[in-house]
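My plan is to look up a few residues, then the chain as a whole.

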Amino acid sequence: MKSWSLAALLLLGNLCTASVFAQNPDPLDIRACTAIVSDAMRLTCYDHATHRDRSDAQKEADAKIRTNGVFSQVRADARTEAASPEEAAPPSRSLLDSRWELMPESKLGTFNLRSFQPVYVMPVFATSKQNNEPGSPNPANSATERQHLDNIEAKFQLSLKTKIWQGVFGDVGDLWMGYTQSSRWQLYNKKESRPFRESDYEPEAMLVFATNYHAFGWDGRLLGIGIDHQSNGRSDPYSRSWNRIVANVGFERENWTVMLRP
């Protein structure tokens, strides 16, 4: 009778223990994450459960979570306790770094579109002296008829760039492609059916490197070399085009950024 009673008690104890663990899994068990409603808090739970990006300080925080046994109350404070205020604060990024992904931690991969040169729309753009009869030493590029243009027109510019090759020389150097289009529109010239007077198309390829040197109180952060083609896409006698090799040198100091393009 005593043996039967002892066996029954042991069985009952095992069932209760199994039930507790089934309902309350280890806070770092991934099953504990499924019941969390908040996306951000659930992601933090998965990070802890899979031991992702764990530093020594975070391991100590995980130990505290297991000890406390209530993951929902501790997880928001675990990462804060694991790092000092200096480590918890995100590193400041310079303007050039944010535009050109210079530092390794700023790399975002390829084919992400972003703005390049200024993008704007000017409904009114006035010119005091229009060139109604463009000419050139080359007779093929000299207009023979005078154009009837208004001094007031609209002007707009679109400009985008994207990185097409990250780490050209191992981990050094990124290859960027840029495209800029600038148009002058005779929007108010009703007599001539509001034509586009001129549109310039400017594709550009740039090889950009991160630098780290000081000159005259400025930090040299960027060095690049590129090929720039600019054309109005028109036939003679109005055809105009340029091909240039352009350097890019970027400097920063406090809240100032200077970009030189010789």
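Is Arg234 buried, partly exposed or exposed? I looked up its relative accessibility and found 32%, so Arg234 counts as partly exposed. The cut-offs I use are under 20% relative accessible area for buried and over 50% for exposed, with partly exposed in between (1.4 Å probe, protein chains only).

A note on the source before going on. The model is predicted, so local features need pLDDT of at least 70 and side-chain atom pairs count only at pLDDT 80 or more, while totals for chains, interfaces and linings use all residues. Residues are numbered from 1 along each chain as its sequence is written, and side-chain values use heavy atoms, with hydrogens and water left out.

**Entry: the chain as a whole**

I read off six helices and eight strands in the protein chain. Both are DSSP runs numbered from the N terminus: helices are H or I with at least four residues, strands are E with at least two. Along the sequence the pattern is α-α-α-α-α-α-β-β-β-β-β-β-β-β. The chain has 262 residues, and 31% of them count as buried. I also looked up contacts, meaning heavy atoms within 4.5 Å. Among contacts with a separation of 6 or more, 55% come from residues 24 or more positions apart.

**Entry: salt bridges**

I went back to Arg234 and looked for its partner. Its side chain meets that of Glu198 in a salt bridge, 3.3 Å from N to O. Arg234 lies in the loop between strand S6 (218–231) and strand S7 (241–253) and Glu198 in strand S5 (residues 196–215), so this pair ties together parts 36 residues apart in sequence. Glu198 has 19% relative accessibility and so counts as buried.

The rule I applied needs a side-chain nitrogen of Lys or Arg within 4 Å of a carboxyl oxygen of Asp or Glu. By this rule I count 10 salt bridges.

Next I took Asp174. Its side chain and that of Lys107 form a salt bridge at 2.5 Å, N to O. This pair links distant parts of the chain: Asp174 sits in strand S4, and Lys107 in the loop between helix H6 (95–100) and strand S1 (114–115), 67 residues away. Lys107 is partly exposed at 26% relative accessible area. Asp174 is buried at 3%.

Asp174 has a salt bridge with Lys163 as well, where the closest N and O atoms are 3.8 Å apart. Asp174 is in strand S4 and Lys163 in strand S3, so the pair joins parts 11 residues apart in sequence. Lys163 is buried, and so is Asp174.

**Entry: two more residues of interest**

Where is Thr180 found? It is in strand S4. Thr180 is buried, with a relative accessible area of 3%. A polar contact of 2.7 Å joins its side chain to that of Ser159. For that term I need N or O atoms within 3.5 Å; within protein, one must be able to donate a hydrogen and the other to accept it, and residues adjacent in sequence count only if both atoms are side-chain atoms. Leaving out residues up to four places away in sequence, Thr180 touches several others, including Phe116, Leu158 and Tyr201.

Last, I checked Asp171, in the loop between strand S3 (152–169) and strand S4 (172–185). Asp171 counts as exposed at 78% relative accessibility. Pro104 is 67 residues from Asp171 in sequence, and their C-alpha atoms are 8.6 Å apart.
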